[in-house]
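Please look at the sequence and structure first.

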Amino acid sequence: MSVKERKERERASRERLIVATARELAEQQGWDAVTTRRLAERIEYSQPVLYSHFRGKREIIGAVALEGATEMAAAVRAATTGVDDPRERVTALARCYLDFAARNPAVYDAMFQLDGGLAFAQEDTPAQLKDGFAALFETLGPVAGEGVEPGLFTEVFWSCLHGIATLARSGRLPAEYTEQRVRLVVDRLAVF
């Protein structure tokens, strides 16, 4: 292995460490606790080393969001793969999405609530975000109904799930009715 390859591997490893540490700190104490000083202390590198990877907290949030989008897409695909019945498949997607949001609140915030400097629904949208949407579209597009643009339907369905996830997390929606909410969204929006 060349010196250049070793340095690139070490740099990538350091970057993964920064992102993992930021994510862990955010999940434990919230995003306000994630500062470049605290991250530098936790990863045992200087702040200039941290800044050589990310220009600041905003880019770190963006990196966590991209990682989260990749994980969410994989989880949704795993939950829906092999489910032949369309209603069950859409229900599995909805449950998986809400579960992901509940289990990963800081990551979910990085993906959808905080400014990570990422473009959505544009030409320069990162591939991970596009794939996250594609994972939803693969299941939801086919149940959009006649005359409804599948991408628009996916956006509306996703918006409902996002609203449920956000309101439930803030305590504005009682958790015991989550399954009924899922059934309502699936039954009222999807066409089988």
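Buried means under 20% relative accessible area, exposed over 50%, and partly exposed in between, with a 1.4 Å probe and protein chains only. Arg-169, with a relative accessible area of 43%, is therefore partly exposed. The model is predicted, so local features need pLDDT of at least 70 and side-chain atom pairs count only at pLDDT 80 or more, while totals for chains, interfaces and linings use all residues. Residues are numbered from 1 along each chain as its sequence is written, and side-chain values use heavy atoms, leaving out hydrogens and water.

**Salt bridges**

- A salt bridge is a side-chain nitrogen of Lys or Arg within 4 Å of a carboxyl oxygen of Asp or Glu; by this rule the count comes to 12.
- One of them joins Asp-109 and Arg-169 at 2.7 Å, N to O.
- Asp-109 lies in helix H6 (residues 105-112) and Arg-169 in helix H8 (residues 150-169), so this pair ties together parts that are 60 residues apart in sequence; helices are DSSP runs (H or I, at least four residues), numbered from the N terminus.
- Asp-109 counts as buried because its relative accessibility is 16%.
- Arg-77 and Glu-138 form another salt bridge, with the closest N and O atoms 2.7 Å apart.
- Arg-23, Glu-67 and Glu-71 are linked in a network of salt bridges.

**Thr-21**

- Thr-21 lies in helix H1 (residues 3-29) and counts as buried at 10% relative accessibility.
- Leaving aside neighbours within four places in sequence, Thr-21 is in contact (heavy atoms within 4.5 Å) with Leu-39, Arg-42 and Ile-43.

Key
Helices (H or I, at least four residues) and strands (E, at least two) are DSSP runs, numbered from the N terminus.
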